[in-house]
Amino acid sequence: MLSEKIKQISDSISFSVPSYIKNSTTLALVLTDNCSPKSDTVLYKIQIKQTSPKTTFNFNDSQVCDNSDLKLMAHFENDDSSKFEWTWKYIYNNKSWFPLKNGKNSNADSLIYQANFTVNDPITIALILNDKCTEKTDTAFVKISLRKPVIFTSKFNDTTLCYGNVLKLKAIATGGKGKNYNFEWKNINDNAVLSNSDTFDFFAVKTSKI
């Protein structure tokens, strides 16, 4: 009785999908042995990844105080975090791009940027993300501008007040960080602080300037 051992034969191929293929392509492996009446064919379909990486910031364009630190948070989507690579860049005059920080292998990152304004033009920060797979990178932008200066909008005129009467004053301002206003009413004769509120009731007891 004759016996024959069946040998296992394997093969491999390296294949790069051409750039003109946008959705999918199919490879065919045809096997013959120059003996059997029929060949064997195996089809292998390659699906092209359609979703590009995406960057989202934790806030939109923002206004900040001069020389203050601003923490920018970004989150990355549409792929495995181990494939992400990114670069933070500062854009000067809408033309020149300067790298600030690089990162990889995570689905989030942050940048602490000190806003130092030499002019009142907004600062633009760009974040460029790629996943080492899809054809296109994702670039997100955030603009940082200097807060408007604090300006008094209430008008105070010199007033003559009778002895014993009360003058009610209210300060109204715009710009800056409105919730953080610090008011300070002073008597300029002796530099004494009279009130730290936005309103002040002045009692006429002697000639004074505030």
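**Exercise 1. Work out how much accessible surface the chain has, and what share belongs to carbon and sulfur atoms.**

Step one: the total accessible surface comes to about 16400 Å², using the Shrake-Rupley method with a 1.4 Å probe, where for residues only the protein chains shown count as cover. Step two: carbon and sulfur atoms hold 50% of that surface.

Some ground rules before going on. This is a predicted model, where local features need pLDDT of at least 70 and side-chain atom pairs count only at pLDDT 80 or more, while totals for chains, interfaces and linings use all residues. Residues are numbered from 1 along each chain as its sequence is written, and side-chain values use heavy atoms, with hydrogens and water left out.

**Exercise 2. Find the strand that holds Thr25, and decide whether Thr25 is buried or exposed.**

Step one: Thr25 sits in strand β1, residues 24-31 (strands are DSSP runs of E, at least two residues, numbered from the N terminus). Step two: its relative accessibility is 15%, so Thr25 counts as buried (buried is under 20% relative accessible area, exposed over 50%, partly exposed in between, with a 1.4 Å probe and protein chains only). Step three: leaving out residues up to four places away in sequence, Thr25 touches Phe15, Tyr44, Lys45 and Ile46 (contact means heavy atoms within 4.5 Å).

**Exercise 3. Classify the ring pair Phe57 and Trp88, then the pair Phe76 and Phe84.**

Step one: the whole structure has 8 aromatic pairs (rings of Phe, Tyr and Trp, the last by its six-membered ring, with centres within 6.5 Å; planes under 30 degrees apart are stacked, over 60 edge-to-face, the rest tilted). Step two: Phe57 and Trp88 have ring centres 6.0 Å apart and planes at 45°, so they're tilted. Phe57 is in strand β3 (residues 54-57) and Trp88 in strand β6 (residues 85-92), so this pair ties together parts 31 residues apart in sequence. Step three: for Phe76 and Phe84, centres 5.9 Å apart and planes at 65° make the pair edge-to-face. Both Phe76 and Phe84 are buried.

**Exercise 4. Which residues touch the most other members of the largest nonpolar core?**

Step one: this core has 19 residues (buried Ala, Val, Leu, Ile, Met, Phe, Trp, Tyr and Cys joined through side-chain atoms within 4.5 Å). Step two: Trp88 and Ile125 come out on top. Step three: β5 (68-77), β6, β8 (108-115), β9 (123-130) and β10 (138-146) each supply at least two of its residues.

Note on methods. Helices (H or I, at least four residues) and strands (E, at least two) are DSSP runs, numbered from the N terminus.
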